[in-house]
Amino acid sequence: MHEPAARQLEAVQAERGKAVTHDKPGGGEARPAAGVERLAPATGHPQERLLEYVRAYADIVDSRREFGALVAIFCVGLDAECEAREAKPGVRVLQRRGLAGAGASRGAGGGRGAAVGLVDGRAAARGEMDAAYTRNLLKQLLGGRVIAGLPLDRALTVASLRVLIALLSLPAAQEARRRRRQWLLADEGACSVCLMMCSCADAQLFSLGMRFTIALLEGGNTHVQRAMHAALAAGTVAAFDGSNGSWMGQVKSRLRRGVKEISERKLFVAQQAERRQYLAEDVAGLSAAAAAAVRADIERDFESAAFVAETVEALRLLCEGHFAPMQEYLRDPRGGRSDSSAEPVDLVSEVYSLLAELEPEIDGGNVAQATACVAALTEFVQGNLSGANTRMLVDSKLPEVLDRLVCKLEFGPTVPPKDAAALRAAVATLLLALLEGSCLRAEARLLQVL
């Protein structure tokens with residue numbers, strides 16, 4: 001890796017005693033801020049530890065500044081190369097040919113490919129029109145899969161993924177720039193990196209992989225969708241953490257974990273309410289620091305290992321814009337062939353099953369998950385040429401689930417009105433999507449139920 005980027009990554013990696021990411025290594029959606037160092041329990045008056053708190057705040061600011069500098073380094077030349085490719089179409093064509101297969105055919109000289117030669121040589125050498133930092137970062141991730149005897153360098157891997165996500169986290173006003181970056185990263189093997197991470201049993205890597213997938217697909221990028229589908233259909237993606245899981249298997253597992261967490265979260269919320277009721281008694285006689293620790297433990301968020309929102313949103317984006325190949329693949333990765341080696345997993349049914357379990361338990365904590373499931377099912381059926389997804393869903397209990405959601409007057413005091421309205425609007429869109437095309441079975445089934 002080039003020296004400036006290497007120094008920045010080493011700086012992030014060095015502070016192993018600090019939480020350098022927003023993601024907990026053991027999984028979960030409640031995460032400390034980047035760079036926050038855990039303070040030792042206080043024993044005296046808060047003012048006696050004022051300097052320590054000031055230092056902790058300085059660590060937070062320095063960490064954020066350090067990460068911003070790291071992202072800026074990887075931005076060097078990235079947009080310039082994107083623009084150079086658009087100005088010279090030959091660059092994009094040759095780059096695609098030279099980097100097909102997620103970088104497997106790159107040469108030992110850094111995998112830059114012949115396409116770089118079409119960019120001004122002197123400018124490329126200075127890094128002004130060349131995405132070398134980003135290209136080499138992706139190359140390291142593609143070749144960094146954990147193997148027997150070699151441990152996972154978690155800090156470096158997490159920092160690298162956070163950088164890639166940040167490169168694509170642009171405001172809506174910069175949509176054109178984001179799409180150019182998505183295209184370039186996809187050509188450099190980013191799709192394979194996403195799939196490798198999402199195949200991991202490691203919860204943190206899975207979560208980051210899903211976030212990277214969402215960032216790469218944001219806005220419905222057909223070029224990225226095709227690359228994702230090709231990589232999945234080839235069946236060559238292996239989990240980055242060295243586990244034996246597959247992408248389809250891990251996604252299925254997380255969705256089913258989401259079903260189990262419905263009751264677990266409900267119990268957690270009930271216990272949390274009970275602890276709040278007796279908080280005054282529990283902290284009586286404790287020091288200020290100890291009482292603050294008890295309050296913090298009571299108010300902590302429910303820690304999820306399912307990452308339902310990210311997973312369902314990624315599935316939706318994979319099919320956005322009526323992308324039929326992925327619509328079919330998510331339902332039947334074998335393509336109807338009994339001799340196929342693909343794993344027989346039906347993710348369309350898994351999303352429906354999760355919605356069916358969520359429907360009677362909707363509250364303020366999971367209404368967003370229910371809305372995401374409905375939105376994903378809509379993308380699964382809209383423009384589905386074979387109509388197989390629609391037939392499968394209308395033959396299930398989905399119409400009854402949608403009927404109850406439409407007819408429910410309120411979802412309880414914890415669900416904000418705007419969230420309830422968003423859920424009802426999503427249900428209406430799904431009902432319209434099910435009625436698309438010439439499937440008379442769908443019309444008859446919905447008339448029967450509604």
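Predicted model: local features only at pLDDT ≥ 70, side-chain atom pairs only at ≥ 80, totals over all residues.
Residues are numbered from 1 along each chain as its sequence is written, and side-chain values use heavy atoms, with hydrogens and water left out.

The protein chain contains 22 helices and zero strands, where helices (H or I, at least four residues) and strands (E, at least two) are DSSP runs numbered from the N terminus. Of the 450 residues in the protein chain, 47% are buried, that is, under 20% relative accessible area with a 1.4 Å probe, counting protein chains only.

Two aromatic pairs are present in the structure, a pair being rings of Phe, Tyr or Trp (its six-membered ring) with centres within 6.5 Å, counted as stacked if the planes are under 30 degrees apart, edge-to-face if over 60 and tilted otherwise. The ring centres of Phe206 and Phe307 lie 6.2 Å apart with their planes at 35 degrees, so this pair is tilted. Phe206 belongs to helix H10 (residues 203–217), while Phe307 lies in the loop between helix H14 (288–299) and helix H15 (308–319), so that the pair links distant parts of the chain, 101 residues apart. Both Phe206 and Phe307 are buried.

The ring of Phe206 also has the charged end of Arg254 over it, 4.5 Å from the ring centre; a charge sits over a ring if NZ of Lys or CZ of Arg is within 6 Å of the ring centre and within 35 degrees of the ring normal. Likewise, the charged end of Arg162 sits over the ring of Phe67, 4.1 Å from its centre.

Conventions
Buried < 20%, exposed > 50% of the residue type's maximum accessible area, 1.4 Å probe, protein only.
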